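Biologist: I am new to this structure, and I would like to understand how its descriptions are reached. Could we go through some of them together, setting each value against its definition?

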Amino acid sequence: RNGVDRMKPPSFVAAMLAAVASVAGALPLESAEIAQLCTDAEGPAHCARKVEAEQMKRLPGVVTRDGDALKVALYPNGTATFTDVNTISGGTSYALWDYVSEINATVLWVSRDDDAGFLLVQRATNRQTPLPAEPVLSPDRQRIATADCCPQRCENLVVVWRVTRDGVVRELQWAPTERWSDAGVRWKSQETLVVDYTVDGTETGKTLERRLADPGWSRVGGK
């Protein structure tokens, strides 16, 4: 999700949790775990590094870290290296966020200057796909969904991506007519998405369902 500049202490931990998901089961760790890990974090990148340290205990062999270099293990062999870079404007940093075993893909948290998002690395091909929000895999493992909605610096789109060996490509996208302050997605079935969202300026969460066959989606690619 974009807008790391919105995530400063003492509220950045809550904002980071909202940025990656708003539905149960979508986070790599429970919300309470992340909040506890990041109580003394200096910012989102530091928080993500703390999440990485915990995930490395739970996901042995997925990545290794050598200082500023994060090395993602490829399959059946090889590595993809992502190196943190510091610049006057902030730089780029990477951290292990999750591993999606069903599609053999590693998910990295990436922050670049004042923006943040995710990078999905397919281990069998080293195909790398930037994502605006945390990916949620469909039950049939053929698609992922993302929801990137916030008052500023977000796409404000719900997107369905097709998973292929050659990469992950946008297939469908939908823009809500109202401005949402936050949103998360989950799959009801392989053909239906559930979207949990909050309209900007309100505090009450709402839910809607959208079938992939419903009118209103824009087809933007895929196979």
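Biologist: To begin with, how many salt bridges does the count come to by this rule?

Modeller: The model is a predicted one, and in it the count by this rule comes to 13 salt bridges.

Biologist: What makes E54 and K57 a salt bridge?

Modeller: The rule asks for a side-chain nitrogen of Lys or Arg within 4 Å of a carboxyl oxygen of Asp or Glu, and the closest N and O atoms of E54 and K57 are 3.6 Å apart, so the pair meets the definition. Both residues lie in helix 3 (residues 44–58), three residues apart, which is about one turn of the helix. R58 also forms a salt bridge with E54, with the closest N and O atoms 3.4 Å apart, and E33, E54, K57 and R58 are linked in a network of salt bridges.

Biologist: Why is E54 called buried, and why is K57 called exposed?

Modeller: Buried means under 20% relative accessible area and exposed means over 50%. E54 has a relative accessibility of 19% and therefore counts as buried, whereas K57, with a relative accessible area of 63%, is exposed. R58, at 40%, falls in between and therefore counts as partly exposed.

Biologist: What makes the salt bridge of R153 and D115 a tie between separate parts of the sequence?

Modeller: The side chains of R153 and D115 meet at 2.6 Å, N to O. R153 lies in the loop between strand 9 (143–148) and strand 10 (157–164), while D115 lies in strand 6 (residues 115–122), so the pair ties together parts that are 38 residues apart in sequence.

Biologist: Turning to the aromatic rings, why is the pair of W97 and W109 called tilted?

Modeller: Planes under 30 degrees apart count as stacked, over 60 as edge-to-face and the rest as tilted. The planes of W97 and W109 stand at 35°, with 5.8 Å from centre to centre, so the pair is neither stacked nor edge-to-face, and tilted is the name that remains. W97 is in strand 4 (residues 92–100) and W109 in strand 5 (residues 105–112), 12 residues apart.

Biologist: Why is the pair of W109 and F118 called edge-to-face?

Modeller: The centres of these rings, W109 and F118, are 5.4 Å apart and their planes stand at 85°, so the pair is edge-to-face. Both W109 and F118 are buried, and ring pairs link W97, W109 and F118 into a cluster.

Note on methods
Residues numbered from 1 in each chain as written. Predicted model: local features only at pLDDT ≥ 70, side-chain atom pairs only at ≥ 80, totals over all residues. Heavy atoms only, no water. Phe/Tyr/Trp six-rings, centres within 6.5 Å; stacked < 30°, edge-to-face > 60°. Helix = DSSP H or I, 4+ residues; strand = E, 2+ residues; numbered from the N terminus. Buried < 20%, exposed > 50% of the residue type's maximum accessible area, 1.4 Å probe, protein only.
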